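Thanks, everyone. Please bring the model up on your screens, and I will walk through a few local spots.

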Amino acid sequence: MIDPSQLLRPEKLYDGKPVAAFRDYTVDDEDPIRQRVRRTYYTMHTNMTVDLVKRKMDKWLKFDHFKSTMKDALVKLDALVDESDPDTQYPNIVHSFQTAERLRRDHPADDWLHLTGLIHDAGKVMALYGEPQWCVVGDTFPVGCKWAKSIVYGDDSFKENPDTYNPKYNTACGMYEPGCGVERLMMSWGHDEYLYRVLVHNKSTLPRQALLMIRYHSFYPWYAGGEYGHLITEKDNHIKEAVLKFNQYDLYTKSAGVPDIEALWPYYEKLIDKYIPGVLEW
């Protein structure tokens, strides 16, 4: 549970943590958090194959696991601490409000952007319905082609993945055509793709820019690592720009300050009713 003494007003949320201190994946066998993060990624990279992604899509994209409003799904994230994240030990609902409130402060007129910040990790609810976290959280990457060097923990973490040795998948293009475009890539299964599909399935009226921010916000090897240029087209630049805009709020708002979530809910409930109303199929 959150310590009430840590509740801060939104404008005082952020504690000035140096940028270089974020996303530090240094291996440290004496640090249990770093051990947990490394274990999560190694398990992900061992198991995340083309066949597994197809199975997860078949399982989750029937949207028959539960029905819930967006608010109720978000509230469930109070029970989830992301095992892949070295930057925060708070429940995911805290991170959701931290992201949303910084976006609200910097872009007061863009209410759809505030809501995007709030819901961007809602797909992690899969972890509360039977999925192991390694198949829900963390950075994403395409399956079906050679693993990019900038993926967290690099080549070593994929040494037990069978697709590493499959000639259909272990070349630069693998199962894709050069310049096919980012939306033609089969991404590793996780909360990004799932939430994007949930929103489309339930006919959310969020702008397309918001949906793309959600779908690719964990694709660090592309927009931060500069990888996959041979598969991306110039038409994808607008997607990259949107994700980069969102990323600074997703990443750098993780701090020791905790927003007063109960006080903020009325504002965000109005946005949910505007863009993602009613009971959704998950």
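When I say contact, I mean heavy atoms within 4.5 Å. Two ground rules. This is a predicted model: local features need pLDDT of at least 70, side-chain atom pairs count only at pLDDT 80 or more, and totals for chains, interfaces and linings use all residues. Residues are numbered from 1 along each chain as its sequence is written, and side-chain values use heavy atoms, with hydrogens and water left out.

Start at Y196. It lies in helix 6; helices here are DSSP runs of H or I, at least four residues, strands are runs of E, at least two, and both are numbered from the N terminus. Which residues does Y196 touch, leaving aside neighbours within four places in sequence? L211, I214 and R215. R215 is 19 residues away from Y196 along the chain, yet their C-alpha atoms are separated by 5.4 Å. Y196 has a relative accessible area of 13%, so it is buried (under 20%; exposed is over 50%, partly exposed in between; 1.4 Å probe, protein chains only).

Next, the loop between helix 5 (111-119) and helix 6 (191-201). Q133 sits there. Q133 counts as buried because its relative accessibility is 12%. Beyond four places in sequence, Q133 contacts L80, V81, D82, E83 and A127.

Y153 is in the loop between helix 5 and helix 6 too. Its phi is positive, about 75°, and it is not a glycine. Most residues other than glycine have a negative phi. Y153 is buried, at 18% relative accessibility.

F63 also has a positive phi, near 55°. Find F63 in the loop between helix 2 (50-60) and strand 2 (67-68). At 12% relative accessibility, F63 is buried.

Now the helix packing. Helix 5 and helix 10 (residues 261-275) have axes 10 Å apart, at an angle of about 105°. Axes are lines fitted to C-alpha atoms over the stretch in contact, and angles run from 0 to 180 degrees between N-to-C directions. So helix 5 is roughly perpendicular to helix 10. That label covers 65 to 115 degrees; under 35 is roughly parallel, over 145 roughly antiparallel, the rest oblique. The contact divides into nine nonpolar, one polar and two charged residues. Nonpolar means Ala, Val, Leu, Ile, Met, Phe, Trp, Tyr, Cys and Pro; charged means Asp, Glu, Lys and Arg; the others, Gly among them, are polar.
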